[in-house]
Amino acid sequence: MARQTRLGRCKLLNQKQCDYILNTIADMFPDAHCELNHSNPFELAIAVMLSAQCTDALVNRVTPSLFQKYHEPEDYLAVPIEELQNDLRSIGLYRNKAKHIRQMCQMLIEKYNGELPTTRNELIKLPGIGRKTANVIVSVAFGEPALAVDTHVERVTKRLGICRWKDSVLEVEKTLMRRVPREKWSETHHRLIFFGRYHCRAQNPKCPECPLLDVCREGQKRMRRGESKFDKAISKA
């Protein structure tokens, strides 16, 4: 136990320590998966675009009626943009997202025969689709190993010391690609998201009950700060 605590204080974990953390998270969330509801790659692309700066739960409340109304790229172009914006009104940044969806659909029709491309290099050419979105699509829709770095993955890997606080999103992705076997990229992506979404949350992470507390530098700092506040409160009583 003491050895694990010392490991948690290291600035950057070594491979053995990283494996220990990822294996523990795998035990916690063995069935982690993409929680965006969709029935085909095109719907997934729309859902992931909508999920930017928005929760999956909110997107899933909007997409059932959206996907019932719009089936193909042509459908999104057949209505005025104001109508599409209204359909997305409960989603954050709905105006920009509506614009990007229409631009993507236009490009799909003009350059890809209305079909979503299957490679990351082609996907990132589409309006509104960046590297993270493309990684999610190739992984979930096409079964290609990928490590999409969203806010949960970035937060968790930096808190745990797998990556450095100053690392960019791309640097986080490359670090994980080096440290995780390629065949485990996709499942690791989903498990890190579940860990960040349901356990190591941005606000009020579950540090006291976390099985990784002994190796988590951030968790130990939070616990010490909590104990300090408690001690001060007791002394004033």
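Biologist: What are the ground rules for the numbers?

Modeller: This is a predicted model, in which local features need pLDDT of at least 70 and side-chain atom pairs count only at pLDDT 80 or more, while totals for chains, interfaces and linings use all residues. Residues are numbered from 1 along each chain as its sequence is written, and side-chain values use heavy atoms, with hydrogens and water left out.

Biologist: How many helices and strands are there in the protein?

Modeller: The protein has 13 helices and zero strands. Helices are DSSP runs of H or I with at least four residues, strands are runs of E with at least two, and both are numbered from the N terminus. The C-alpha atoms fill a box of roughly 65 × 45 × 30 Å along the principal axes.

Biologist: Why are α2 and α12 called roughly perpendicular?

Modeller: Helix α2 (residues 15–28) packs on helix α12 (residues 185–198) at an angle of about 75°, and their axes are 9 Å apart. Axes are lines fitted to C-alpha atoms, for helices over the stretch in contact, and angles run from 0 to 180 degrees between N-to-C directions. Angles under 35 degrees count as roughly parallel, over 145 as roughly antiparallel, 65 to 115 as roughly perpendicular and the rest as oblique. The pair α2 and α12 is therefore roughly perpendicular.

Biologist: Which residues make that contact of α2 with α12?

Modeller: Leu22, Ile25, Ala26 and Met28 come from α2, and Thr188, Arg191, Leu192 and Phe195 from α12; contact means heavy atoms within 4.5 Å. By class there are six nonpolar, one polar and one charged residues. Ala, Val, Leu, Ile, Met, Phe, Trp, Tyr, Cys and Pro count as nonpolar, Asp, Glu, Lys and Arg as charged, and the others, Gly among them, as polar.

Biologist: What makes α10 roughly perpendicular to α11?

Modeller: Helix α10 (residues 151–160) and helix α11 (residues 169–179) meet at an angle of about 70°, with axes 10 Å apart. On that angle, α10 is roughly perpendicular to α11. The contact uses Val153, Glu154, Thr157 and Lys158 of α10 with Val169, Val172 and Leu176 of α11. These divide into four nonpolar, one polar and two charged residues.

Biologist: What sets a pocket apart from a cavity?

Modeller: On a 1 Å grid over the protein atoms alone, a cavity is a set of points where a 1.4 Å probe fits but cannot get out, whereas a pocket is an open set with protein on both sides within 12 Å along at least five of seven lines; lining residues have an atom within 4 Å of a point. The largest pocket holds about 600 Å³ of space. Its lining has 25 residues, with Ser51, Cys54, Asp56, Asp150 and Arg197 nearest the centre. Helix α12 gives the most to this lining, with five residues. The pocket lining has 10 nonpolar, nine polar and six charged residues.

Biologist: How many cavities of 30 Å³ or more does a search find?

Modeller: The search of the whole structure finds two. A volume is the space filled by probe spheres set on the points, which are joined across faces, edges and corners.

Biologist: What lines the second largest cavity?

Modeller: Its lining is Arg159, Cys200, Pro205, Cys207, Cys216, Glu218, Gly219 and Arg222. Helix α13 (residues 217–236) gives the most, with three residues. By class this lining has four nonpolar, one polar and three charged residues.
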